Amino acid sequence: SHVGGDTAADLVAVDFAGGEGIRMLIDIGTNTEVVVTDGTRFLAASCPAGPAFEGGLLRFGMPGADGAIESVRLDGEGFAFGTIGDVDPVGICGSGLVDVLAELRRARWMNEEGRFRDSLDEFFIAPAQGITFSRSDASLLAQAKAANACGQRILLRRLGVTADQVDRVYLAGGFANAVDVANAISIGLLAPVPVERVVRVGNAALHGAAGLLLSKSRREALDSLIGRIEHVELETEEDFFELFVDGCRFVPIAA
């Protein structure tokens with residue numbers, strides 16, 4: 001489901017400040033922000049994921065612009081895809097990369113460590129345009145994915161809950177608007193929360209900032225909340241390295 005405009009910011013702000021149950025907010029990006037709350041404690045962490053899921057460093061990676069392959073599925077021995085703007089492909093954006101990884105795993109063309117079948121180094125996603133997805137690309141995405149996985153896993157653990165106990169996940173940011181949530185869960189980018197509990201809220205940061213500028217009551221509500229937030233430095237966890245290595249595997253995050 002999608003909630004747009006000011007409604008998105010209102011929904012997240014009200015629910016996090018006084019809602020019931022376990023809630024999680026995830027804003028995926030070069031630095032992914034994760035917040036988890038049970039209504040009493042508010043735990044927050046920043047995950048230095050890097051630019052891979054935004055197209056950075058990958059040979060054919062690109063932002064979500066016209067010509068970006070945004071959705072992919074296996075079709076026989078090749079790939080069928082959709083592009084932003086319905087034009088010829090020039091690269092692959094984040095949602096397309098998630099689909100590629102999920103499809104390769106589903107077909108067992110790639111194992112959980114990111115090695116391709118038949119010792120291949122790359123797959124052609126759009127042969128006519130020469131657009132490929134390589135083992136190097138998979139490795140970069142694995143590391144970016146691991147940072148996101150660590151943030152979610154550690155915060156849930158600190159709060160003493162498991163993913164299936166989360167009542168609502170708010171997925172923020174432009175990337176979140178297009179990503180296939182089930183695919184993201186299957187490769188371990190998002191915690192294994194039931195898909196129907198995930199709500200896309202668009203650019204919540206922008207709408208929230210606008211709301212703060214325009215509303216004194218919102219600023220007061222934020223001031224009262226800030227002091228309750230516990231910042232968690234992920235790298236200080238004793239088993240952070242082990243969690244990161246485990247997060248590099250293309251499997252669902254351990255609940």
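Residues are numbered from 1 along each chain as its sequence is written. The model is predicted, so local features need pLDDT of at least 70 and side-chain atom pairs count only at pLDDT 80 or more, while totals for chains, interfaces and linings use all residues; side-chain values use heavy atoms, with hydrogens and water left out.

User: How many helices and strands does the protein have?
Analyst: Helices (H or I, at least four residues) and strands (E, at least two) are DSSP runs, numbered from the N terminus. On that basis the protein comes to 8 helices and 11 strands.

User: What radius of gyration does the protein have, against the globule rule?
Analyst: The radius is taken over C-alpha atoms, and the rule is 2.2 Å times the number of residues to the power 0.38. The C-alpha trace spans about 55 × 40 × 30 Å along its principal axes. With 255 residues, a compact globule would come out near 18 Å, and the protein agrees with that at 19 Å.

User: What share of the residues count as buried?
Analyst: Buried means under 20% relative accessible area, exposed over 50%, and partly exposed in between (1.4 Å probe, protein chains only). Of the 255 residues, the buried share is 48%.

User: Among contacts between residues at least 6 apart in sequence, what share join residues at least 24 apart?
Analyst: A contact here means heavy atoms within 4.5 Å. Counting that way, the share is 65%.

User: How is the pair of Phe-53 and Phe-175 classed?
Analyst: Rings of Phe, Tyr and Trp (its six-membered ring) pair if their centres lie within 6.5 Å; planes under 30 degrees apart are stacked, over 60 edge-to-face, and the rest tilted. The structure holds 6 such aromatic pairs. For Phe-53 and Phe-175 the centres are 6.2 Å apart and the planes sit at 50 degrees, so the pair is tilted.

User: Where do Phe-53 and Phe-175 lie, and how many residues apart are they?
Analyst: Phe-53 is buried, and so is Phe-175. Phe-53 is in the loop between strand S3 (42-48) and strand S4 (68-75), and Phe-175 is in helix H4 (residues 174-178), so this pair links distant parts of the chain, 122 residues apart.

User: Which residues form one aromatic cluster?
Analyst: Start with Phe-116 and Phe-123, a tilted pair at 4.8 Å centre to centre and 40 degrees between the planes. Both Phe-116 and Phe-123 are buried. The cluster is made up of Phe-79, Trp-109, Phe-116, Phe-123 and Phe-133.

User: Which residue has its charged end over the ring of Trp-109?
Analyst: The test asks for NZ of Lys or CZ of Arg within 6 Å of the ring centre and within 35 degrees of the ring normal. At 4.1 Å from the centre of the Trp-109 ring, the charged end belongs to Arg-117.

User: Which cysteine sulfur is nearest to that of Cys-150, and how far away is it?
Analyst: A disulfide is a pair of cysteine sulfur atoms within 2.5 Å, and by this rule the count comes to 0. Cys-150 is in no disulfide; its nearest cysteine sulfur is that of Cys-47, at 8.0 Å.

User: Is Asn-183 buried or exposed?
Analyst: Asn-183 is found in helix H5 (residues 181-186). Leaving out residues up to four places away in sequence, Asn-183 touches Val-98, Asp-99, Ala-102 and Arg-106. At 8% relative accessibility, Asn-183 counts as buried.
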